[in-house]
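Hi everyone, thanks for making time this morning. I have one structure to walk through with you, so let me put it up on the screen.

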Amino acid sequence: MVEFQSKLEQEFSLVERSLNGQAKSPIHAIRKQAMARFAELGFPTIRHEEWKYTNLMPIVKQDYALTLQAASSLTKADIEPFLIPDVEANVLVFVNGSYSAALSTIISDKGVEVMPLAEAFTKKTAVVEKHFAQYAAWQNDAMLALNTAFSLNGAYIEVANSAVIEEPFHLLFVNDSRQQSTFAPARNLIVLGVNAEATIVESAHTLVSGENVGFTNVVSEVVLAENARLQHYKIQNDVTQSHFVGALHAHQEATSILNTVVVTLSGGIVRNNLNAVLAGKAADTHFYGLYLVNGKTLVDNHTLADHAVAHCTSNELYKGIMDDRSTGVFNGKIMVRPDAQKTLAYQSNRNILMSPNATVNTKPQLEIFADDVKCSHGCTSGQLDDEALFYLRARGLDREQARALLLYAFAGEITEKIELEPLRERLESIIAERLHQELV
Amino acid sequence: MLTITNLQASVEGKEILKGINLTIGKGEIHAIMGPNGSGKSTLASVLAGREDYEITGGSVDFDGKDLLEMSPEERAREGVFLAFQYPVEIPGVSNTNFLKAAVNEVRKHRGLEPMEPKAFLKMMREKMALVEMDQAMVSRSVNEGFSGGEKKRNEIFQLAMLEPKLSILDETDSGLDIDALKIVSNGVNKLRSKETSTIVITHYQRLLDYIVPDFVHVLYKGRIVKSGGKELALELEAKGYDWVKELALEEVV
């Protein structure tokens with residue numbers, strides 16, 4: 001573990017030398033501080049409250065290459081399976097953290113500036129400096145500090161005031177670990193202007209061979225100006241020889257609406273942090289999550305709805321279906337600060353355990369410092385409803401069909417929150433297949 | 001159609017059915033009445049294959065086959081239909097998809113191809129009219145947010161779609177107002193045929209004004225203590241169940 005950590009420190013000085021003029025920029029000053037902080041904190045262990053159930057040690061004791069400058073040998077055919085079918089989308093492809101212009105397609109040209117973050121550092125310096133690392137607080141979060149230190153590339157999307165971008169932005173992160181196990185960091189900055197609207201899909205995919213393992217670390221900072229609307233979908237259906245630690249940090253101004261859906265279907269160890277700060281009056285945030293996992297996959301979702309001002313709403317529903325020896329972790333925090341009167345905050349986590357060896361650790365955390373608020377939370381973990389199973393069987397469906405139908409419906413409550421129809425349909429068909437669903 | 005011989009069943013070690021004998025012929029409607037806790041719903045559940053009950057004795061022959069050997073889904077496919085006393089709400093599963101799956105399972109069992117979507121929709125519309133269901137109800141999730149009356153109508157709608165040989169209506173009248181009762185009974189009556197049989201389980205005589213039985217049986221403490229024609233129901237209505245309880249005592253003595 002110490003070896004990988006010291007390797008990262010060495011890599012950082014190599015990166016610094018390659019920066020030339022930018023090494024003196026305010027952004028790089030932040031990277032340096034973040035690197036120093038990461039070196040101090042080290043990788044989190046299970047003694048850390050926020051990592052109690054997710055042990056990174058087996059991941060970080062491995063050796064990884066960090067190949068930020070490497071050219072990619074991937075072709076469009078290689079990434080084809082990762083694309084959303086039947087949709088006209090902007091696709092930004094990053095291979096081991098580097099932007100691949102050859103594999104990317106940008107079709108939206110009005111009302112939006114979209115480019116790799118590396119380019120935005122010089123072309124959009126003022127905007128980047130205003131927002132970068134302002135919402136993702138790395139000071140007390142080692143993994144965020146690490147990502148901030150290596151925030152060399154990723155997607156930059158800036159939607160102009162009142163612009164409504166119909167075409168979604170698919171940010172596709174490929175970890176190519178076929179030659180050697182690779183650590184692939186990326187950092188996105190997404191800024192929506194007043195009344196702007198956009199849809200973003202993030203997905204990470206790992207290519208492996210032999211004993212190799214990919215480790216991907218993607219952090220997005222998202223800013224919603226007044227009345228902006230963002231649909232943010234994160235799709236995780238990666239190989240089991242992959243690990244993912246990522247975060248979304250959103251800052252919401254008045255009456256803005258954020259709708260996030262995180263769907264995890266496969267992977268090794270998957271950790272998602274999702275934080276939204278409701279900083280403007282009557283902002284509205286929705287957190288939806290589905291984890292449908294088997295094997296030894298571990299999915300850990302940590303969320304924070306941070307109500308800073310009055311009249312905001314947060315609504316959260318995470319659902320899990322866990323089979324085999326898989327593990328689910330849900331830690332949902334609602335923070336209601338003293339000024340956040342008239343807050344409405346709802347949270348629910350529901351789990352179905354399909355196997356006696358599957359586990360789920362669920363923990364709601366409510367910290368309420370205002371007195372005129374409505375907050376509720378609830379969690380359930382159990383098996384399928386026997387009454388419903390019998391009802392379906394009494395109509396002629398066999399046990400397997402009945403189970404699949406009930407599970408599909410259970411998952412459907414989350415997938416229906418995806419407004420991007422081709423994506424929703426794709427996920428529903430994957431889920432149906434997974435559940436041996438035979439119904440059309 | 002159905003021959004029940006000395007059927008005994010218990011739940012968690014407690015004996016509920018203590019030797020039921022009942023024969024139901026083709027085209028007949030049998031009403032099973034009795035006070036609360038007499039075992040009426042247990043009998044319905046055991047016939048449908050609910051697994052919470054342990055069969056401790058006796059046999060049930062359904063058209064020459066051993067019903068008790070079959071799983072709930074096999075019974076449904078063979079043509080046994082239980083209209084539930086408490087229909088289950090299943091959020092996220094649309095009535096239409098659920099019925100399509102059920103109808104096609106029954107067809108497959110009978111060696112038929114799955115229904116063409118067009119034919120299926122036509123059949124749905126016809127059967128919906130039978131119980132005065134509208135499209136909005138059918139498009140919703142199974143029983144989700146339905147009123148008591150809507151749930152019972154949905155049961156009869158499913159019955160109509162699945163065309164069973166033997167229908168068991170378990171207290172279908174409970175929780176129904178008079179208008180809903182008429183709609184439900186009307187549906188059942190229209191579905192009557194010389195080839196199908198019905199068991200109507202009810203506590204009250206009221207339902208039997210609309211669904212007129214050929215035979216009435218009184219169940220008490222897990223046994224049928226009296227059988228008769230439809231006039232027996234009226235007698236029970238007039239005299240109450242105490243009379244039957246005394247009858248049962250006499251029998252024991």
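This is a predicted model: local features need pLDDT of at least 70, side-chain atom pairs count only at pLDDT 80 or more; totals for chains, interfaces and linings use all residues.

Let's begin with chain A. Its open sheet has 9 strands, in the order β3-β4-β6-β8-β10-β12-β14-β16-β18, and the pairing is mixed. Which strands stand at the edges? They are β3, residues 112–116, and β18, residues 359–368; each has a single partner strand, so one side of each is left without a neighbour in the sheet. If you ignore direction, neighbouring strands of this sheet are turned by 5° against each other on average. For one pairing in detail, take β4(A) and β6(A), the latter covering residues 182–192: they run parallel and are joined by 4 bridges. Within that pairing, A:I157 has A:I190 of β6(A) opposite.

Now over to chain B. Here 4 strands make an open sheet, ordered β2-β1-β4-β5, with antiparallel pairing. The edge positions go to β2 (14–24) and β5 (65–66) of chain B, and since each has a single partner strand, one side of each is left without a neighbour in the sheet. Strand β1 of chain B, residues 2–11, and strand β4 of chain B, residues 54–62, run antiparallel and share 7 bridges. Across β1, β2 and β4 of chain B lies helix α1, residues 40–48, which runs at about 110° to β1(B).

On to the interface. How many residues of each chain are in contact? The count is 19 from chain A and 29 from chain B. Together the two chains bury about 2,000 Å², and 62% of that is on carbon and sulfur atoms. On the chain A side, A:F390, A:Y391 and A:R395 lose the most area to chain B, together 39% of what that side buries.

Which elements of chain A give two or more residues to the side touching chain B? Those are α8 (386–393) and α9 (399–415). The largest share, 6 residues, comes from α8(A). By type, the chain A side divides into 11 nonpolar, 2 polar and 6 charged residues.

That brings me to charge. Side chains of opposite charge can pair when their charged atoms come close. Over all chains the count comes to 31 salt bridges, and across the interface of chain A and chain B the rule finds 5. One of them is between B:E73 and A:R393, at 2.7 Å from N to O. Another is A:E387 with B:R50, where the closest N and O atoms are 2.4 Å apart. A:E387 lies in helix α8 of chain A and B:R50 in the loop between α1 and β4 of chain B, so this pair joins two chains.

A:S162 has a positive phi, near 65°, and is not a glycine; you'll find A:S162 in the loop between β4 (155–159) and β5 (169–177) of chain A. In chain B, the non-glycine residue B:D63 has a positive phi of about 50°, and B:D63 is placed in the loop between β4 and β5 of that chain.

Definitions and conventions: Residues are numbered from 1 along each chain as its sequence is written. Chains are lettered from A and ligands numbered from 1 in the order in which they are written. Side-chain values use heavy atoms; hydrogens and water are left out. Two strands pair if DSSP finds at least two bridges between them. Contact means heavy atoms within 4.5 Å. Axes are lines fitted to C-alpha atoms, for helices over the stretch in contact, and angles run from 0 to 180 degrees between N-to-C directions. Buried area is the accessible area (1.4 Å probe) that two parts lose on being put together, summed over both. A salt bridge is a side-chain nitrogen of Lys or Arg within 4 Å of a carboxyl oxygen of Asp or Glu. Ala, Val, Leu, Ile, Met, Phe, Trp, Tyr, Cys and Pro count as nonpolar, Asp, Glu, Lys and Arg as charged, and the others, Gly among them, as polar.
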